[in-house]
Amino acid sequence: MTTFVDVRDLRKTYEGGFQALKGVTLGIEEGEILALLGPNGAGKTTLISTICGITRPTSGSITVGGHDIGTEFRAARSLIGLVPQEIALEPFETVWNSVVLTRGLYGKGRNDAYIEKVLRQLSLWDKKDARTKDLSGGMKRRVLIAKALSHEPRVLFLDEPTAGVDVDLRKDMWETVAQLKAEGVTIILTTHYIEEAEAIADRVGVIRKGEILLVEEKDALMRRMAQKELRIALQKPLEAMPEALKRDNLVLSDGGCTLSYTYDTTGERTGITRLLSALSTEGIALKDLSTTQSSLEDIFVGLVKEDAA
């Protein structure tokens with residue numbers, strides 16, 4: 001695939017010496033959905049703002065669609081749609097006029113059919129004549145998304161787009177994202193709802209303290225790092241862990257009624273057969289078995305903790 005957004009050794013140092021970005025290098029492929037995850041203060045918003053030309057980098061380079069964001073700002077910026085975290089709208093303007101005006105600011109000719117399509121996608125059509133100040137917070141967020149899409153961008157940045165909004169908006173948003181991806185739009189998403197990233201992302205990037213820890217295909221990452229937990233319900237509670245089972249890193253819980261065993265799904269041997277044999281040898285009767293697998297959130301938390309150690 002073609003790299004559409006190319007970030008090389010990007011650094012941002014603010015007055016006072018705080019380093020928000022520390023040599024970030026990142027290639028975002030055309031038509032993919034990249035979920036950028038990181039704790040608060042990791043540098044997610046600074047990275048997006050710098051790529052979009054809102055924040056000036058201290059050093060490094062950024063190209064969007066082959067256009068340098070510094071020397072070819074207008075050409076690069078015309079390819080970008082941005083949905084920011086903060087809601088900032090013209091309070092006395094109607095939804096329709098607000099979206100149409102944004103399209104015009106990018107030099108795009110009038111296209112009422114396209115604007116109608118966007119407003120309908122985001123369930124805003126019946127609010128097209130309402131002033132933005134009269135809208136709910138969720139509806140205002142929808143207007144921000146419509147404005148970001150107004151000039152038909154080829155890359156869309158979504159900076160916490162569903163934070164604090166209703167379930168219906170989140171559903172509409174992801175349906176719109178899926179349709180945009182089908183049309184070849186490149187999408188970069190930051191979110192605190194990691195289950196959303198797990199559901200729609202092609203690749204996952206993790207950033208911490210201004211540095212990229214990894215960028216990897218979501219499915220490959222989960223195969224490589226995910227662990228499973230085997231939970232064993234016992235017919236009779238154990239007062240203590242038998243000495244012969246202590247080497248298996250078992251955890252006894254639920255008043256001695258449950259044993260938990262974590263194992264690597266990529267290993268040649270899981271150790272389950274040996275464990276079950278040991279339980280039988282110890283005369284421990286089983287009531288039920290169940291397994292759970294690590295989610296993307298578990299993996300993310302583990303990565304951040306591991307890096308901080």
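## Thr102 in helix 3

Thr102 is part of helix 3, which spans residues 95-105. The model is predicted. With a relative accessible area of 10%, Thr102 falls under the 20% cut-off and is therefore buried. A polar atom of the Thr102 side chain lies 3.0 Å from the backbone oxygen of Ser98.

Apart from neighbours within four places in sequence, Thr102 is in contact with Lys147 and Ser150. Lys147 is itself a residue of helix 5, and that helix is described next.

## Helix 5 and its surroundings

Helix 5 covers residues 137-149, 13 residues in total. From its first C-alpha to its last it reaches 19 Å, close to the 18 Å expected at 1.5 Å a residue. Because 11 of these 13 residues are buried, helix 5 is largely enclosed by the rest of the structure.

## Lys147 and Glu90

Lys147 forms a salt bridge with Glu90, and the closest N and O atoms are 3.5 Å apart. Lys147 belongs to helix 5 and Glu90 to the loop between strand 6 and helix 3, so the pair ties together parts 57 residues apart in sequence.

The two partners differ in accessibility class. Lys147 is buried, at a relative accessible area of 13%, whereas Glu90 counts as partly exposed at 29%. Side chains of opposite charge can pair when their charged atoms come close.

## Other salt bridges

The structure holds 13 salt bridges. One of them joins Lys133 to Asp134, with 3.2 Å between the closest N and O atoms. Both partners are partly exposed: Lys133 has a relative accessible area of 35%, and Asp134 is at 48%.

Another salt bridge is formed by the side chains of Arg231 and Asp254, at 3.5 Å from N to O. This pair links distant parts of the chain, 23 residues apart. Arg231 sits in strand 11 (residues 227-234), and Asp254 in the loop between strand 12 (251-253) and strand 13 (258-264). Arg231 is partly exposed, with a relative accessible area of 29%, and Asp254 is partly exposed as well, at 48%. Elsewhere, salt bridges that share partners join Arg131, Lys133 and Asp134 into one network.

## Helix 1

The buried residues in helix 1 are Lys44, Thr46, Leu47, Ile48, Ser49, Thr50 and Ile51. Just after helix 1, Gly53 takes a positive phi of about 85 degrees.

Definitions and conventions. Residues are numbered from 1 along each chain as its sequence is written. This is a predicted model: local features need pLDDT of at least 70, side-chain atom pairs count only at pLDDT 80 or more; totals for chains, interfaces and linings use all residues. Side-chain values use heavy atoms; hydrogens and water are left out. Helices (H or I, at least four residues) and strands (E, at least two) are DSSP runs, numbered from the N terminus. Buried means under 20% relative accessible area, exposed over 50%, partly exposed in between (1.4 Å probe, protein chains only). A polar contact is a pair of N or O atoms within 3.5 Å; within protein, one must be able to donate a hydrogen and the other to accept it, and residues adjacent in sequence count only if both atoms are side-chain atoms. Contact means heavy atoms within 4.5 Å. The expected span of a helix is 1.5 Å times one less than its number of residues. A salt bridge is a side-chain nitrogen of Lys or Arg within 4 Å of a carboxyl oxygen of Asp or Glu.
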